[in-house]
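The sequence and the structure are shown first.

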Amino acid sequence: MTLAELATAVSTRYPDVVVAREEATLVVAPDDLLAVLTWLRDAPGVQLDALMSVTATHWPDRDPSFWVVYELRSTALAQRLRVKVGIRDDGQHVASVTGMFPTANWHERETFDLYGIVFDGHPDLTRIMLPADWSGHPLRKDEPLGGVPTWYHGALMPPIDERGMA
Amino acid sequence: MRINPQDRPVAPFDPSGDVAEDFRDPATGDFRQETMIINMGPQHPSTHGVLRLLLELDGETIIRCKPIIGYLHTGIEKNTEYRSWVQGVTFVTRADYVAPFFNELSYCMAVERLLGVEVPERARIIRVLVCELNRVTSHLVAIATGGLELGAVSMMLYGLREREIILDLFESLTGLRMNHAYIRPGGVVMDLPEEAPRKLRNILDILPGRIDEYETLLNDNPIWRERNMGVAVLSAERCMELGVTGPPLRSAGVALDLRKDEPYCGYETYDFNVITRTEGDAYARYRVRIDEMRESLKIAEQAFARLGETPGPVMIEDPKVGWQSKLSVGPDGIGNDPEFLDHIMEESMEALIHHFKMVTQGVSVPDGEVYVPVEAPRGELGMYVVSDGRNRPYRVKIRDPSFVNLQAVPDLVEGGLVADIIPAIASIDPVMGGVDR
């Protein structure tokens, strides 16, 4: 099966599928996410049964300002499809896919930690990369790369160029 | 603001506060009195870096295990957004530092797909060659450290000894033993040096015999079998649910290997087998790694033969896309190639302009997004790379196999004995640099 055939099979049900640079992308409304992923997993000739990655991108000047990105893989057909969900920056949530794909657990925690996107129905949506008492979501575009004082487990860490020598 | 360490405000830190809460008994809302909660790591010799496991024990039996990561988070993904496309290589190579070439390969293939360019054939062969040798060094580290943790100290010595021979070749190729930044968007940074064929021949001649020795040492070793067989079993179905890839998946009988399923770099033209076993335990993972090293050497042998008959450039020749600056390894280490410096400074004004623009501005990559997976030693390593059309990445997401495979640790150890955590983690072979990024 070729990528074009997969895209055609998907577009019979969901026409918003785009093929570019040998990759297929499907844009989905947040409310439809679980239904679409279920269909993509079960439909014959699509069989996107494995979730490889969940992440996000932040576009502060656009609407929607977040895209949550799911990389799906069909192990039987050796094809891939990317599913994207647009999220507004006004506290809009997206459904967790951990029920369908247990592997999404840490991926969604990471996306929550680094972007602040809330996944409804996640069993344990806590920070994973950063300490529990961290404030802010560092992969957002309005977060600086460094040079800010940080709290780590209750201790204040000044920026590296302002640390005094004891 | 300048604060001396002794003057920093410090709030009392409660080590149980954040994570042990999960271990409360849901029925009573209190901690169970008959079990013990202990903390393994993040500083522990058998956790392969800074992995922390919170364990609830009933005697020697593990009731619950919660892996806690993030102690090596260095913001590699954020950093790439502030550097040029070429500089991004030096960041991503430091994620999974035991298999750096794979990070570089995945990232560079993603950039090349965004640019819509094809790299020269010789560069693709060199990429296959270094990656397969890197797979051997990575599996050697896995088996060597796994052996050390179970008391097979000689395996550690032998494994690291052979790894050093290959790292010596990498050093003469790239200037560095690890974190090479050798694969660049458009090809590789320089062709093989003069001594490389001799060193490569030496590796390909002695490694197969050494792998036989490891098998003689461990395959039927009663202690090795006792500690590994039937330990940390993960079924094929559970692997798929948890997104586990690489040797743990293949040891459970699933012949998924991206080099076969979705070939890149011309892997479809190489002759090799996908190694599988059916037991899905720690011993099967060890055997899969041993056999994969042989297959990797087979591929490296074929790539070596092709190099002899495939001359040509190792970098895209379009000076607006490919990094034309030549480097070479001299007696004082790696540096600018004297011939190239002569060329841009004395001979060609155009070459100087291209060099200047490439070094100061870098290349602008058309906007778009790609996800490029490669078969790394630990499983599927993918880079999701987004460009907004400028000369630096908008987003680089590293889908690291260690990160995903580590989620399987509770499945591997719960219900087992404390001592079995060690072979369980060793058989997953996580590299925390890749997990935490």
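## Helices and sheets of chain B

In this predicted model, helix 6 of chain B (residues 196-218) has 23 residues and spans 32 Å from its first C-alpha to its last, close to the 33 Å expected at 1.5 Å a residue. The helix has a kink of about 30° at B:Leu207, shortly before the proline B:Pro208. B:Leu207 is also one of the buried residues of helix 6 of chain B, together with B:Leu200, B:Ile203, B:Ile211, B:Tyr214 and B:Leu218. An α-helix has 3.6 residues a turn, so residues three or four places apart point the same way. The cover over the buried residues of helix 6 of chain B includes helix 4 (121-149), helix 5 (153-174), helix 7 (222-228) and helix 11 (282-309) of chain B.

Chain B also contains an open sheet of three strands in the order 8-9-10, with antiparallel pairing. Strand 8 (368-376) and strand 10 (395-399) of chain B each have a single partner strand, so one side of each is left without a neighbour in the sheet. From one strand to the next, the twist averages 15°. Helix 3 of chain B (residues 100-115) lies across strand 8 and strand 9 of chain B, at about 150° to strand 8 of chain B.

| Strands of chain B | Bridges | A bridge pair |
|---|---|---|
| Strand 2 (52-58) and strand 3 (61-68) | seven bridges | B:Glu56 and B:Arg64 |
| Strand 9 (379-387) and strand 10 | five bridges | B:Gly382 and B:Arg399 |

In the hairpin of strand 2 and strand 3 of chain B, two residues lie between the strands, and B:Gly59 takes a positive phi near 65°.

Note on methods
Residues numbered from 1 in each chain as written. Chains lettered and ligands numbered in written order. Predicted model: local features only at pLDDT ≥ 70, side-chain atom pairs only at ≥ 80, totals over all residues. Pairing = 2+ DSSP bridges. Helix = DSSP H or I, 4+ residues; strand = E, 2+ residues; numbered from the N terminus. Expected span 1.5 Å × (residues − 1). Bend = angle between axes of the 7 residues up to and from the residue. Buried ≥ 20, exposed ≤ 12 C-beta atoms within 10 Å, placed from the backbone. Contact = placed C-beta atoms within 7 Å. Axes fitted to C-alpha atoms, helices over the stretch in contact; angles between N-to-C directions.
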